[in-house]
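Subject: Handing over the model

Hi,

Here is the model I promised to pass on. Please have a look at it first; my notes follow below.

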Amino acid sequence: MPIQSRQADLRTRLQDLIPKIVLAPSLAVVLIFVYGFIAFTVYLSMTDSKMLPSFDFIGLENFGRLFALPAWNTALVNLVIFATLYIAICTVIGLGLAILLDQKIRGEGVLRPIYLYPMALSFIVTGTAWKWFLDPGLGLENTMHLWGWTSFEFNWIKDRNMAIYTLVLAAVWQTSGFVMAMFLAGLRGIDNEILKAAQIDGASNVALYRRIVIPMLRPAFLSAFVILFHMAIKSYDLVIALTGGGPGRATELPATFMYSYTFTRNSMGIGAASAVIMLMTVAAIMIPYLYSELGAKKE
Amino acid sequence: MSAVSQDTAVKTSRVAQVFIYLTLVLFALFYLLPLYVMLTNSLKPLSEITGGDMMSLPRALTFEPWLSAWATAQVGVSPTGLRPYFLNSILMVVPAVAISTVMGALNGYILTKWRFRGDTLLFGLMLFSCFIPFQIVLIPMARMLGLMGIAGTTQGLVLVHVVYGIGFSTLYFRNYYASFPTELVRAAMIDGAGFFRIFWRIMLPVSGPIAVVTIIWQFTNIWNDFLFGASFAGLNAMPMTVALNNLVNSSTGVREYNVHFAGAIMAALPTLLVYIVAGRFFVRGLMAGSVKG
Amino acid sequence: MRGLNMSTAVVTAAMMLTSGAAIAQEQVEVLHWWTSGGEAAALNVLKEDLQAQGIGWLDMPVAGGGGEGAMTVLRARVTAGSPPTAVQMLGFDILDWAAEGSLGNLDEVAAAEGWDAVVPTALQGFAKYDGHWVSAPVNVHSTNWVWANKAILDELGLAQPTTWDEFVAAMQAAKDAGYVGLAHGGQPWQEATMFDSVVIGAGGTDLYKRAFMDLDPAALSSPEMVEAFTRMETLRSFVDDNFSGRDWNLASAMVINKEAAFQIMGDWAKGEFLNAGKVPGTDFLCFRVPGSEGTVTFNADQFAMFNVNEGFRPAQQKMASAIMSPSFQIAFNKVKGSVPARTDVSGDELDACGQQGMAELAAAAEAGTLLGSAAQGHAHPAAVKNAIYDVVTAHFNGEYDAATAAQELAAAVAAAQ
C-alpha cells in the first residue's frame with residue numbers, strides 16, 4: 001500500500017510539526033522575557049547605570065564595589081541562614097503533620113484548610129498582624145505578661161542577632177502547610193498492601209516510616225525543595241513587612257538589597273551586579289539538580 | 001473503595017492518638033494566630049486598638065471598619081474604598097490564569113507525549129525561569145510593554161503574569177502527564193487521531209486534578225502579586241493588592257488599623273475561598289501526579 | 001451610584017489617554033503617595049480645584065516607604081515612554097530627574113505669578129534646575145521638632161527645656177518617674193531625622209553644611225561629629241527596649257497616651273496629636289530640638305512636572321498654578337500639618353504650632369539658616385543619604401562606638417559618591 005504510506009508519511013511530518021508550532025510561543029516568551037532580560041541585567045551590571053539604565057561600559061567595577069559593601073555580605077550570610085532553616089523546618093513540619101494527619105484522623109477536613117490557608121495570603125495582608133504579634137510590647141510577650149507569666153521573654157524581632165529567625169518563623173508559617181499537602185498527597189499515593197506486608201513482618205511504626213514510607217516519598221521531597229528554594233530566593237515582601245531589613249540592616253536579604261540599590265539608592269549598576277550574583281547562585285544549585293532529575297528520567 | 005485506600009494501614013495506640021490530636025490542634029492554633037489578630041482588630045473601634053489592647057477580643061464590637069474599607073475609605077484621592085479595584089483584579093486574574101494553565105497543559109502534553117531532540121533542555125530552560133527574581137525584570141519589562149503599546153493596561157498585566165506563570169504550570173502538567181501511559185497516546189495515533197484530538201479526547205478528560213492544582217497556584221500568585229501590579233498597572237487596571245497597599249500605607253497620616261485589617265481580610269477573601277472550597281481537590285490533585293517528580 | 005459614575009468617567013478618560021488622539025478634555029495624570037486618610041483627602045482639594053477649571057484628574061496613587069514605591073513606578077513609566085503629568089517628589093530626586101532631562105518647564109507660569117519672590121530661596125534650590133522652574137512646591141515640613149506631653153512635664157515640675165543639658169535632664173526625670181524618656185521608632189529614616197537636629201546641636205549649622213552639603217570628609221569625621229554620635233547614644237539611653245521597627249505614629253501615640261515624655265519628629269506628627277483631640281499648648285508642647293533653635297531643617301513635597309505631549313501642557317501649567325495658589329496652600333497644609341511653601345500667605349487659619357512654624361520658617365529663610373533636611377533627601381543625593389542612614393542606624397543599634405561611627409560615616413559617604 002505505497003500511496004497510503006506516503007500519505008501517512010506526510011501526515012506524520014505534519015503531526016511532527018504541530019507540537020513544535022504549539023510550543024513555539026511559550027518558548028519565544030521565555031527566551032525574550034526571561035533570558036533576554038537576564039542578558040540585559042548582566043549587561044547593566046557592567047555599566048555605570050545610576051537612576052536609569054546607562055550604556056557606558058565600565059567592566060567588572062560594580063562587582064568589586066558590591067563585595068566591598070558590608071551590607072551585601074550580611075545579606076548573603078542571612079540568605080544562607082534563612083534558606084537552610086526555612087527549607088529544613090518546613091520539610092520537617094510538613095512531613096510530620098502529613099504523617100499525623102494520615103492516621104485516620106477525625107476532623108481532617110477542618111484541619112487541612114487551616115494548615116493550607118496561609119499560602120493563600122500575601123505578607124502585604126498579614127505583615128502588620130505578624131509585626132504586632134512579634135512585638136514584645138504589643139504581642140505574645142505582652143499577652144503572656146498580662147496572663148501572669150512575667151518572666152516570659154520573646155523579643156527576637158528587636159534583637160539584631162535573632163531577628164532573622166523571626167523571618168524564618170513567619171515564612172514557615174506561610175509555607176509549611178503547603179508542604180504538608182504535598183507530603184500528604186505522597187503518603188496517600190502509597191500502596192497500602194506494601195505497608196500491611198511490612199507490618200506482618202513485624203516492623204514497628206517508626207521503622208515502617210523510616211525504612212519504607214519516607215524513601216517512597218522521594219519525588220515529594222524534590223518537589224517540595226524546588227518550591228521552597230524558589231520561595232527562599234524570592235523572599236522580599238516578608239522582610240519589608242516584618243522588619244524592613246532592620247534592626248539596623250540585620251535582616252537584609254539579597255532580594256531586598258538588590259531592590260534598594262536599584263530603585264531607592266539610584267545605583268542600578270550595583271543592583272544589577274547583585275542580581276547577577278543571585279542568578280549565578282540559583283544556577284549553581286538548580287542546574288545540577290535539574291540535570292540529575294531530567295537526565296535520570298531519560299533512561 | 002477510594003475511601004478505604006485513603007486510610008493508612010498503620011495502627012496507633014490510644015496514647016499516641018491523644019498526642020497526635022494535641023499536636024495537630026496546637027499547629028492549627030499557630031496557623032490561625034495572624035488571622036485571629038486581623039479579625040479581632042478589624043472589629044474594634046480605633047481607640048480600643050491605639051489604647052493598647054491589640055491581642056484581646058473586641059470590647060465594643062463594630063462593623064464600621066469593614067464598611068469603610070469596602071466603600072468609603074480614601075484610596076488615592078477618591079474615597080471609594082476597595083470596591084472598584086476588586087473588578088480590576090478579577091479582570092486580570094481570570095484571563096491570566098486561564099491562558100497560563102492552557103499553555104502549561106499543552107506544553108506538558110508536548111514535552112511528555114511528543115518528545116523531540118532537545119525537549120529536556122527546553123523544559124529545563126522553562127523551569128529555571130521560575131527562579132528569576134522579579135525585581136530585575138521591572139525595567140526591561142516596562143520598556144517592552146511600552147513598545148507593545150500596552151503599558152498601564154490590564155492586557156499588559158495579563159501578559160506579564162502569563163509569561164512568568166508558564167514555568168510552573170508547565171512543570172505541574174509535565175509531571176502529571178509523565179505518569180500517564182504513553183501507550184494510550186500511541187494507540188490513538190495509530191487509529192489516526194491527531195495532535196489536538198488526542199489532547200482533547202484523551203489528555204483533557206483526565207487532567208482535572210492537576211488543573212485544580214495549577215489553577216489554585218496561579219490564582220494565588222497572581223491575585224497576591226504586588227510588584228507587577230504596582231509597576232505596570234495604570235489607574236484603570238490597578239489590582240486589589242496595590243489598592244490595599246495604598247489604603248494601609250499612609251506616609252504621614254493617622255493609621256486606621258481596624259480599617260486596614262478589614263481591608264486586608266477583604267483582599268484575601270477570594271484566595272481564602274479558593275483554598276477552602278478547592279482544598280480537598282488540591283491534595284487529591286497533588287496526589288494524582290505532581291508529587292511524582 | 002457615585003462609584004459607578006466615577007469609574008465610568010475614569011474608563012472614558014483612560015480610553016482617551018491610550019488612544020493618544022486629540023484630547024477633548026484637558027487632564028493631568030498625577031503619581032503620588034498620599035494615598036490614605038487625611039492627606040489623600042487634602043489632595044482631593046486640588047483635584048476639585050482643577051475639575052472646577054474643567055481639567056480631569058487621573059489618579060495614580062502608589063504608597064509605600066515614603067515614596068519608594070512611587071519612584072519605582074515612575075522609573076517603569078518613564079522607561080515605557082509614558083511619564084505621568086506630575087509626580088510627587090522630594091529634594092534631590094527632582095534634581096536627578098531634571099538632570100536626566102525628563103522634566104518640563106514652568107518658567108512662564110512662575111514668572112507670571114512671581115514665584116521667585118514668594119518661595120524661600122532654600123526651597124527654590126529644589127524646585128529649579130539650571131535656573132528654570134521644574135516643579136511646584138506644595139508645602140514645607142520642618143523636621144527639627146520636639147513633641148512633648150505637657151501633663152508629664154507639669155507632673156514632674158519641668159519647664160520646656162531650652163538647652164541640650166536641660167533636655168537630657170528632663171528625659172532623665174521622666175525616666176526616673178517611670179515614663180519612657182524619648183519615644184522613638186527604630187527605622188533608619190527616623191534615626192536619621194533625629195541625627196539632623198543633633199548634628200546642628202553639636203556643631204552648629206557650619207558643621208551641618210560642611211558635613212551634609214559639602215560632604216567634606218574632615219567634617220564628617222570631626223570631633224564635633226563624634227560629639228553628635230555621643231549625643232545619639234544619650235538619646236538611645238532614654239528610648240525603651242521595644243523601639244526597633246516601630247512606626248513613627250506609634251511612637252507619637254506613646255507621647256499622646258502619656259507613656260513617654262518626648263518625641264523628636266517632623267511636624268507631620270502634629271496630625272496624630274490633633275486627631276487624638278489634643279490641643280497644642282494645653283495637652284502637648286511643640287518646640288525646636290534644644291540646640292537647634294534658630295535653625296529650621298526642612299523637607300518640601302513638590303509636584304515635579306514631566307515632559308509630556310504638547311496637548312497636555314496647558315493642563316500641566318494650570319495644575320502648577322493651582323498648587324501655588326494661596327487658597328490651596330492653606331487648605332492643604334491645615335490638614336497635612338506642614339506650612340505653606342510661600343511665605344506671603346496668612347497663617348491665621350493654622351493652629352498654634354503651625355503659626356509658630358511659619359514664623360520660624362520665615363525668620364530662618366531670612367537668616368540663611370533654613371537648611372534642607374539630610375534625613376529627608378534635601379541635602380545630598382539618594383545614594384549618600386542611604387549610606388548615612390546605614391551608619392547612623394548601625395551606631396544607634398550599638399554596632400559602633402561614637403568615634404568609629406564618625407570614621408565609618410566619612411568612609412561610607414566617600415564610597416557612595
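How many Å separate the centres of domain 1 of chain B and domain 2 of chain B, taken over C-alpha atoms? The separation is 30 Å.

Before the details, a word on conventions. This is a predicted model, in which local features need pLDDT of at least 70 and side-chain atom pairs count only at pLDDT 80 or more, while totals for chains, interfaces and linings use all residues. Residues are numbered from 1 along each chain as its sequence is written, and chains are lettered from A and ligands numbered from 1 in the order in which they are written.

Chain B, domains

Chain B splits into domain 1 (11-72) and domain 2 (83-290); such bounds come from an automatic or database domain assignment. Domain 1 of chain B brings 14 residues to the contact and domain 2 of chain B brings 12 residues, where two residues are in contact if their C-beta atoms, placed from the backbone, lie within 7 Å. On the side of domain 1 of chain B that touches domain 2 of chain B, two or more residues come from each of helix H2 (14-42), helix H3 (46-50) and helix H4 (64-72) of chain B. Helices here are DSSP runs (H or I, at least four residues), strands are DSSP runs too (E, at least two), and both are numbered from the N terminus. H4(B) gives the largest share of that side, six residues. By class, the side of domain 1 of chain B that touches domain 2 of chain B holds 10 nonpolar, three polar and one charged. In this scheme Ala, Val, Leu, Ile, Met, Phe, Trp, Tyr, Cys and Pro count as nonpolar, Asp, Glu, Lys and Arg as charged, and the others, Gly among them, as polar.

Chain B, a helix pair and a loop

Helix H6 (residues 119-128) and helix H8 (residues 154-178) of chain B have axes that come within 7 Å and cross at roughly 130°. Axes are lines fitted to C-alpha atoms, for helices over the stretch in contact, and angles run from 0 to 180 degrees between N-to-C directions. H6(B) is therefore oblique to H8(B); angles under 35 degrees count as roughly parallel, over 145 as roughly antiparallel, 65 to 115 as roughly perpendicular and the rest as oblique. From H6(B), B:Phe123, B:Met126 and B:Leu127 meet residues of H8(B) that include B:Ile166, B:Leu171 and B:Arg174. The contact of H6(B) with H8(B) has five nonpolar, two polar and one charged residues.

B:Pro205 sits in the loop between helix H10 (195-203) and helix H11 (208-224) of chain B. Is B:Pro205 buried or exposed? B:Pro205 is exposed, because 8 other C-beta atoms lie within 10 Å (buried takes 20 or more, exposed 12 or fewer, partly exposed lies in between, and C-beta atoms are placed from the backbone). B:Pro205 and B:Val242 are 37 residues apart along the chain, and their C-alpha atoms are separated by 37 Å.

Chains A and B

Between the chains, 73 residues of chain B are in contact with 82 residues of chain A. Helix H14 (residues 257-290) of chain B supplies the largest share of the chain B side, 15 residues. That side of chain B divides into 51 nonpolar, 20 polar and two charged residues.

Chain A itself has domain 1 (1-44) and domain 2 (62-298), with 37 Å between their C-alpha centres. Four residues from domain 1 of chain A and six residues from domain 2 of chain A make the contact.

Chain C

Chain C is divided into domain 1 (2-141 + 299-356) and domain 2 (142-297 + 375-416), and their C-alpha centres lie 30 Å apart. The contact pairs 17 residues of domain 1 of chain C with 17 residues of domain 2 of chain C.

Helix H18 (residues 382-396) and helix H19 (residues 402-416) of chain C pack at an angle of about 160°, with their axes 8 Å apart, so H18(C) and H19(C) are roughly antiparallel to each other. Their contact has 11 nonpolar, one polar and two charged residues.

C:Gln27, in strand S1 (residues 26-32) of chain C, is buried, with 23 other C-beta atoms within 10 Å. C:Gln27 and C:Gln316 are 289 residues apart in sequence and 8.0 Å apart in space, C-alpha to C-alpha.

Best wishes
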